[in-house]
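Hi,

Here is the structure I promised to pass along. Have a look at it first, and my notes follow below.

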Amino acid sequence: MQPNYRYEIRIQKPGKTAQRIPFTEATWSGSRQEAKRTLAVKTNRGRDKFWPKIDVEEGDLMELISYFSGAPRSLFAGMIVDLGKTSKGDINPVAYDLGFYLLNNDVVEVTTGERSDVLLTRMFQQVGIPIGQIGPMPYVEKQVIRKSLWDAVVDILNQVYRSSGIRYWCWLEQGKVFVGTQRGQTKQWKISQGTSLLDASRKRSISEMRTAVRVVGSDNESSAILYEQVDQTNVKRYGKMVKVIEVQDEKKGTASSLAKQELSNLNKVKEEASISSLGIDDIIAGTKIEVYEEITELNGIYTVWGDSHTIRPGYHEMKLQLQMEVSGT
């Protein structure tokens, strides 16, 4: 039995009822490294007498509705930000979800060192972003923040990763912002050769690896090495590749722990993979899936790093980027 690939695109103007519009293709996409999810639609203004006139403007709400499970389900809702038109009558609206406001709001904050979740909550509240859940997180370093909200969030999460080795992510769901180590999900999907899998590829790289971390002071009078952590085994195999970290005077006592944690973060072979398969509505960036493909030896549970869903009438295909990191030994 073939999947029920039935989807609708709806446009809603402020204060008016949503209207369904015909479309030839929709691309619904997002990534763990991006603030927003995107919906790009291809339609036409008056293609022929059977094709209704499309009235769409920037600022309108655009929604993607799925009937895959029978009852209508909203997969995406966001504001049209870009609107392209051609002399052939093509209309190409592009909408962003709430992540658009993470990118287009600057924040100003001063912290003398506090838990990251407290600082993040204050920044989201500063620009009026609804908060879903942010659990307790490690402390962040003393700093002054003057940048876009998204850049500030990314910088704080990177600081936490460098100091603790715990990778936190920020994502949006049902109009609210969440921060955690893993996106919640109730079902784990399996994609395998001979069923829904269409293609797969895999890559390993040491281009971003570091085999030594050197901590130095920040004062002008002394640039002496405070501490150096080296993985001699990987130096022998890959060569010496040094990452230098500069610390303030008050943090000189933590030079050893900083070097060890940073080396643990960077002394890895970066491994990533991508697959194409028949589309599944629930699989987006941040979810975990089980994959089996014999030639690439993809066999296990992986986190989706980025997703791009191509939807046409009666058809749905998705391309997923997976990322796995293994020890560089």
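A salt bridge here is a side-chain nitrogen of Lys or Arg within 4 Å of a carboxyl oxygen of Asp or Glu. Please keep in mind that this is a predicted model. By that rule, the count comes to 19 salt bridges.

One of them joins the side chains of Lys 13 and Asp 60, at 2.8 Å from N to O. This pair links distant parts of the chain, 47 residues apart: Lys 13 is in the loop between β1 (7-12) and β2 (19-21), and Asp 60 in the loop between β4 (38-44) and β5 (61-66). Both Lys 13 and Asp 60 are buried.

Another salt bridge, at 3.6 Å, brings together Glu 228 and Lys 240. Glu 228 sits in strand β16 (residues 225-230), while Lys 240 is in the loop between α4 (232-238) and β17 (242-247). Glu 228 is partly exposed at 29% relative accessible area, and Lys 240 is partly exposed at 47%.

There is also a network of salt bridges linking Arg 6, Glu 8, Arg 10 and Arg 20. Arg 6 is partly exposed, at 42%, whereas Glu 8 is buried, at 10%.

On the backbone side, most residues other than glycine have a negative phi. Gln 174, however, has a positive phi of about 50°; it lies in the loop between β11 (169-173) and β12 (176-180) and is exposed at 79%. Glu 297 also has a positive phi, near 60°. Its place is the loop between β19 (288-293) and β20 (298-312), and Glu 297 is exposed at 60%.

Best wishes

Notes. Residues are numbered from 1 along each chain as its sequence is written. This is a predicted model: local features need pLDDT of at least 70, side-chain atom pairs count only at pLDDT 80 or more; totals for chains, interfaces and linings use all residues. Side-chain values use heavy atoms; hydrogens and water are left out. Helices (H or I, at least four residues) and strands (E, at least two) are DSSP runs, numbered from the N terminus. Buried means under 20% relative accessible area, exposed over 50%, partly exposed in between (1.4 Å probe, protein chains only).
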